[in-house]
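Here are my notes on this one, jotted down while going through the model. Have a look at it first, then see whether you read it the way I do.

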Amino acid sequence: MPYLGSEDTVRELRRALSNPNVQSDQLRYRNTILKVIRAMSQGVDVSGLFSEMVKACATVDIVQKKLVYVFLCSYATLNPELSLLVINTLRKDCQDPNPMVRSLALRNMTNLRLPSVVEYVEQPLTAGLRDRAACVRRVAVLGWAKLHNLQTNSEIDAAVVNELYSLLRDQDPVVMVNCLRALEEILKEEGGVAINKPITHHLLNRLKECDVWGQCEVLRILQRYRPQSDDELFDILSLLDASLVSPHPPVMAATLSLFLSLCSALPAVSQAALERVRGPLLAACGSVSREMRFTAICHIQLLLRSLPGLMGAHYKRFFCGYAEPAYIKQRKMQVLVELVNDENIVMLLDELRGYCTDVNTDTAQAAISAIGRIGRSYSDRCLEILIELLGLKQEHITSAVVQTMCDLVWVCPQCSDTVCLAVEGCEEILQDSQGRQALLWLLGVYGERVSSAPYTLEVFIDGVRSEASLGVKMELLVATMRMFLCRPAETQDMLGRLLHYCIEEETDMCVRDQALLYYRLLHCGIEETRKVLQGRRSDPSLGVLIGRPAEPISQWASNFNTLEPLRQGAIETELASRGSPEHGTFDLKPNTNLSDTLNCSGGEEVHAGSDSAIELVDSSADDLASGLAVPFSLSLSPTLSPEEFEGQWLQQQVLHAEQGPEKIKVEDCVCMEVLVRCPELLHCSPQSLQAAMQLVNIQTLAFTPPDSLPWRVYLYTHTQQACSADTPNSTLILGELLYTGEGIQKAGKGDGDVVVEDREDEQMKEGEEATADGLIGIETTRTDRGQDAVKVTLKQQPRDEKALRGFLSILTTVLQTLSSERA
């Protein structure tokens with residue numbers, strides 16, 4: 001035979017197909033047709049044999065018919081006129097006594113995909129819907145969907161639609177499922193197949209008769225149906241209960257998706273369903289198929305967003321195997337980060353440490369990043385591992401460790417001293433741009449703590465002409481400017497050389513413009529430069545007491561059993577800094593209604609204590625702000641680390657306990673306790689709480705997960721109030737939000753938004769004594785008990801009652817606004 005792909009090949013095949021001797025020998029004729037199909041599959045253009053192949057379809061040999069039909073369906077669009085020649089043969093085969101021949105003819109009539117043959121296909125398809133053989137009915141049902149695709153603008157035949165609806169009760173389950181698929185395609189513009197109560201119950205009762213993919217199709221379509229009563233809902237859930245623990249992962253996933261759709265208003269039932277599928281999901285994680293394992297892990301990540309402890313006892317199932325691909329290992333490490341707790345932290349860190357030296361660089365860097373995320377809660381243990389990895393002096397490991405440390409000190413500033421000692425000397429190993437940018441950021445921000453920082457920067461500056469990375473050049477400019485502000489004698493000369501090069505010789509406009517900005521900024525003076533460049537070194541809002549909070553199931557239920565979990569490259573991290581200005585000014589003038597401004601109404605009654613004395617205050621947000629006739633602002637600077645916050649908090653507590661309120665000077669400090677009624681605040685996500693606080697420059701330092709008891713939030717801010725033109729008054733306010741779930745009592749008049757705890761008569765007397773210090777005392781009336789108030793404890797130093805009242809009005813308004821939005 002001539003060389004495959006040449007014109008001689010097609011000529012030789014045509015000669016063989018036209019040879020009477022070959023046509024008379026059925027085996028030789030079939031083998032010749034097989035050669036044509038083989039050449040077609042290898043890319044040879046055999047469309048010139050179309051007429052010969054049309055003649056070959058007139059045979060009783062089913063194998064030969066299948067081969068010829070494959071050829072005709074492939075080249076029908078290239079030969080539409082010749083394709084009409086095969087219609088008579090196909091229509092004749094649709095009446096063949098053999099049901100296999102009838103189904104084969106129907107399938108290939110619709111697979112020709114030619115609008116010119118539609119009029120010849122409708123009558124055989126209509127007859128096929130009533131055929132006694134199930135295999136013919138299966139093909140005929142799908143054939144109507146294919147026919148509709150050829151003429152999407154044509155009117156839908158109501159008789160055909162009714163016929164398809166009637167076939168939903170066909171004895172063959174495949175015909176039933178094919179009808180659903182066909183009706184979905186035909187009625188797409190009308191919203192798909194109409195699902196009512198009789199159809200729903202019929203499909204549910206026959207669900208077990210369908211194969212795996214048929215069950216998935218039925219369960220997907222049933223998500224449109226909404227039960228008419230609770231009894232019907234629980235009857236449906238009872239029918240689906242067995243499928244929820246199906247050994248087939250697709251069926252289990254489709255059933256759970258339907259469960260979540262039906263139980264959107266029943267979170268307890270949805271949570272119970274998630275717990276039931278734990279076993280099947282874990283089994284899918286051990287599947288032989290890599291694709292199935294990856295999909296199961298991605299969906300487990302969705303479940304952990306609402307039930308963080310769902311897989312806590314099975315964390316070993318997510319340890320990586322040696323032969324597993326990198327994309328599965330990386331997803332498993334993301335899950336392991338979510339499962340960390342005090343009991344398994346040692347074992348998980350040991351496991352992740354082993355992955356850090358994996359031969360795959362992406363896997364190693366992902367493991368190092370996972371250790372860094374765990375370091376937000378267990379910084380000491382994770383820093384030990386990261387420092388050990390620096391000792392390996394491998395380029396990709398060192399780069400990943402430096403980047404991880406850079407992120408870690410931004411979240412946990414208490415780690416900065418250890419990190420500064422560890423990164424010395426790393427510049428000789430780092431070669432990639434991301435690692436060098438991270439190192440330069442650390443040197444610029446913490447340059448005064450790194451003894452060799454100026455000399456390290458000088459190495460970068462000397463090689464700036466050969467630097468190819470734009471990001472490294474711009475980070476070098478920022479780092480050198482910051483270093484000049486804290487160590488000017490060592491940095492002045494190299495800064496001049498760097499600015500001269502960037503302004504006179506650098507070709508990139510971004511670097512040149514940034515250098516010009518810094519050059520002109522220096523002409524404005526050191527203090528102005530310091531205001532611009534010395535911003536916050538970290539974002540304590542990212543440093544939390546515990547990991548990512550639990551989300552409502554409704555937030556991701558619609559994405560379950562879809563491709564969306566597979567598209568997500570990583571779990572969403574905690575809320576990043578929103579870049580709000582450090583100082584936001586609030587002009588609290590008399591009659592300023594902050595409650596109306598933030599859509600919060602209702603008066604409030606405040607329970608305050610001066611020193612350790614306790615007092616009750618009856619006022620609204622207007623009254624709290626009415627005493628302030630001067631500009632009042634909150635500031636996040638200087639930043640307060642968790643250790644400093646704890647020291648300040650405990651120091652004031654010990655001072656009150658040892659000396660007593662009568663021995664503390666009035667100007668030393670003040671303590672205030674408020675019970676704010678905000679019933680929905682406990683269910684608010686920490687991200688929303690942090691964002692709302694940062695909008696008014698109140699920093700949330702730590703919090704516990706929502707719906708947990710006791711629920712706590714720690715926060716702080718600096719108040720600034722201009723007493724005169726040149727003497728601003730600044731105070732530090734520390735705060736704690738606490739909810740223990742215990743009963744509290746309302747205080748004051750009517751239905752206020754702020755309630756106070758029940759106190760003894762001695763404490764009430766202390767509150768009356770505190771009025772001498774400028775606070776307003778009132779009488780309280782005991783009423784019914786409530787369970788929806790949050791206790792707010794504020795500690796201020798030095799004492800400034802007007803600033804404290806202004807801060808309290810802002811804080812209360814924010815809390816009540818968040819609560820009203822949740823409601």
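**Notes on the predicted model**

1. Contacts first, and bear in mind that this is a predicted model. Taking contacts between residues at least 6 apart in sequence, 72% of them join residues at least 24 apart.

2. On the overall make-up: I get 38 helices and 11 strands for the chain. There are 823 residues, and 52% of them are buried. The accessible surface comes to about 38300 Å², with carbon and sulfur atoms accounting for 50% of that.

3. Next, strand β11, which spans residues 789–797. How many of its nine residues are buried? Eight of them are, so I'd call this strand mostly covered, taking buried as under 20% relative accessible area.

4. What does β11 pair with? Its partner here is strand β5, residues 670–677, and the two run antiparallel with eight bridges joining them.

5. Moving to a helix: α14 covers residues 212–221, and Glu217 lies in it. Is Glu217 buried or exposed? With a relative accessible area of 14%, Glu217 counts as buried, because the cut-off for that is under 20%.

6. And which residues does Glu217 touch, once its neighbours within four places in sequence are left aside? Glu217 is in contact with Val177 and Arg181.

Methods:
Residues numbered from 1 in each chain as written. Predicted model: local features only at pLDDT ≥ 70, side-chain atom pairs only at ≥ 80, totals over all residues. Heavy atoms only, no water. Helix = DSSP H or I, 4+ residues; strand = E, 2+ residues; numbered from the N terminus. Buried < 20%, exposed > 50% of the residue type's maximum accessible area, 1.4 Å probe, protein only. Contact = heavy atoms within 4.5 Å. Areas by Shrake-Rupley, 256 points an atom, 1.4 Å probe, with all protein chains shown as cover. Pairing = 2+ DSSP bridges.
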